[in-house]
Amino acid sequence: MSLRAVSAIDGRYATLTAPLSAFFSEYALIRFRVRVEIEWLILLSDRPEITDVRPLTPEERIQLRRCVTEFSEEDALLVKEIERTTNHDVKAVEYFLKRRLDGTSLDDVREWLHFACTSEDINNLAHALMLKGAIEEVFLPQADRLVADVAALASETADVPMLSHTHGQPASPTTVGKELAVFVTRWRRQIARLRTQEYLGKMNGAVGNFNAHLSAYPDAPWPDIAERFVTGFGLTYNPLTTQIEPHDYMAELFHNLVRWNNILLDFDRDLWGYIHLKYFRQKAVAGEIGSSTMPHKVNPIDFENSEANIGLSNAILEHLASKLTVSRWQRDLSDSSAIRSVGTGIAYACIAVGATLRGLRKLSVNGAALTADLEDAWEVLAEPVQTVLRKAGISDAYEKLKDLTRGSGIDAVGMHAFIADLNLPEEDKERLLRMTPAAYIGLAPELARRALAGEE
């Protein structure tokens with residue numbers, strides 16, 4: 001951790017976000033650009049229509065790809081040094097690679113680097129690869145861990161009764177596990193969409209029409225060549241663009257992440273509330289201090305930390321989703337600057353997930369508090385009683401229970417006395433008399449288990 005870092009991502013949270021540096025650092029961006037430039041040169045050499053590029057030997061292909069696999073921070077610094085002269089980041093990569101090939105057996109193909117390319121041909125593919133790698137290799141594994149941990153806790157507590165709260169007031173009981181399973185189901189849906197996310201790319205020149213390509217090789221099937229090149233990276237080919245790939249897929253991805261974040265925010269706030277109600281205890285960590293003046297405090301700081309970072313992530317991702325899909329005419333440069341903050345938005349999302357994981361692992365269910373609240377909420381049985389009265393055809397059933405329970409407390413004795421006086425079939429009356437708030441949980445355990453098992 002650098003104590004002089006301007007951003008918390010590279011300062012306080014540096015250890016948490018370190019895996020993202022392989023995708024969103026300046027070094028990573030340059031390395032991905034190098035990869036695209038190298039693969040384009042190799043593809044040109046493979047195409048019989050491009051008659052002036054000789055075939056490369058297997059050794060030369062290995063040599064070229066080593067420019068990527070062995071790309072070092074020193075190499076990146078050299079590119080940045082070249083950029084100080086060119087004032088153009090992609091051209092600096094081209095010049096760097098030409099220097100690397102100078103004096104080698106590949107010297108005669110140096111001028112085919114960046115052939116017919118606009119800088120956005122290189123950049124759009126680099127950005128797609130960066131996003132794809134970061135989501136698949138960093139974000140999704142972390143998200144999967146969170147969902148697995150919540151699912152495990154939901155399974156353990158599927159039968160544990162809990163008083164519901166609608167509008168913050170006592171409501172029909174549920175179970176701890178069923179309420180947790182709701183979040184598992186919601187997250188799984190977003191993860192499924194993230195796993196099928198398309199990452200689009202283009203390779204069609206200055207304004208998307210293969211103008212330069214055709215001027216040199218008018219008979220080459222350039223759209224087919226471009227599609228093969230883009231799909232070779234595991235990306236989806238976009239056949240019709242301006243100078244830039246329009247970034248619509250990025251907006252889809254970022255909106256998906258915002259939905260994930262908002263489900264996480266909902267979870268954080270629910271857990272915070274359950275801790276406040278003492279439904280969950282927090283494990284005290286040795287040496288940790290909750291308050292600088294109140295020694296007893298064990299604060300739900302991890303869920304609060306997650307909430308704060310979700311806000312930062314959403315602010316950036318929502319802005320990028322709106323900004324990046326808008327470009328004047330065939331292109332303006334405003335996307336280039338904005339897109340550099342993609343990693344920041346995703347980093348804050350990862351920090352939030354990590355914080356929630358830490359908070360979750362400190363929790364234990366407080367059965368005594370759950371039982372006490374249920375025992376103090378016999379009024380929630382007004383719902384089943386009035387429902388059975390309706391079934392029996394008794395008029396004003398709802399109103400009778402409303403007069404009995406609304407705004408006034410009632411205990412087991414009072415509820416049982418009311419039920420005993422009802423003109424109901426004995427079977428119904430006995431079932432109501434056996435009922436307790438803790439037993440009035442409907443199908444919550446079954447619904448939770450089915451959801452956790454992935455059943456409809």
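This is a chat about one predicted protein model.

User: What kind of model is this, and what pLDDT do local features need?

Analyst: The model is predicted: local features need pLDDT of at least 70, side-chain atom pairs count only at pLDDT 80 or more, and totals for chains, interfaces and linings use all residues. Residues are numbered from 1 along each chain as its sequence is written, and side-chain values use heavy atoms, with hydrogens and water left out.

User: OK. How do strands β1 and β2 run, and how many bridges join them?

Analyst: Strand β1 (residues 161-166) and strand β2 (residues 169-175) run antiparallel, joined by five bridges. Helices (H or I, at least four residues) and strands (E, at least two) are DSSP runs, numbered from the N terminus. Two strands pair if DSSP finds at least two bridges between them.

User: Where is Phe210, and what is its phi?

Analyst: Phe210 is in the loop between β3 (200-201) and α9 (211-216). Its phi is positive, about 60°, although Phe210 is not a glycine.

User: Buried or exposed?

Analyst: Phe210 is buried, with a relative accessible area of 8%. Buried means under 20% relative accessible area, exposed over 50%, and partly exposed in between (1.4 Å probe, protein chains only).

User: What about Lys278?

Analyst: Lys278 has a positive phi near 70° and is not a glycine. Lys278 lies in the loop between α11 (248-276) and β5 (280-282), and is exposed at 55% relative accessible area.

User: Which residues touch Pro223?

Analyst: Leaving aside neighbours within four places in sequence, Pro223 is in contact (heavy atoms within 4.5 Å) with Phe210 and Tyr237. Pro223 lies in helix α10 (residues 222-231) and is partly exposed, with a relative accessible area of 43%.

User: How far is Pro223 from Met203?

Analyst: They are 20 residues apart in sequence, and their C-alpha atoms are 8.6 Å apart in space.

User: Switching topic: how many disulfides are there?

Analyst: The count is zero, where a disulfide is a pair of cysteine sulfur atoms within 2.5 Å.

User: Which residues have the most contacts inside the largest nonpolar core?

Analyst: Phe139 and Phe254 do, in a core of 145 residues. Helix α7 (residues 119-156) gives the most to this core, with 19 residues. A nonpolar core is a set of buried Ala, Val, Leu, Ile, Met, Phe, Trp, Tyr and Cys residues joined through side-chain atoms within 4.5 Å. In soluble globular proteins, nonpolar side chains tend to be buried together.

User: What is Phe254 in contact with?

Analyst: Beyond its neighbours within four places in sequence, Phe254 is in contact with Leu131, Leu317, Leu320, Ala321, Leu324 and Val342.

User: Back to helix α7. Where do Asn123 and Gly133 stand, buried or exposed?

Analyst: Asn123, found in helix α7, is buried with a relative accessible area of 7%. Gly133 is in helix α7 too, and is buried with 8%.

User: What are their contacts?

Analyst: With neighbours within four places in sequence left aside, Asn123 is in contact with Arg33 and Val90. On that basis Gly133 is in contact with Phe23 and Val138.

User: How far is Gly133 from Val413?

Analyst: Their C-alpha atoms are separated by 62 Å, and the two residues are 280 residues apart along the chain.
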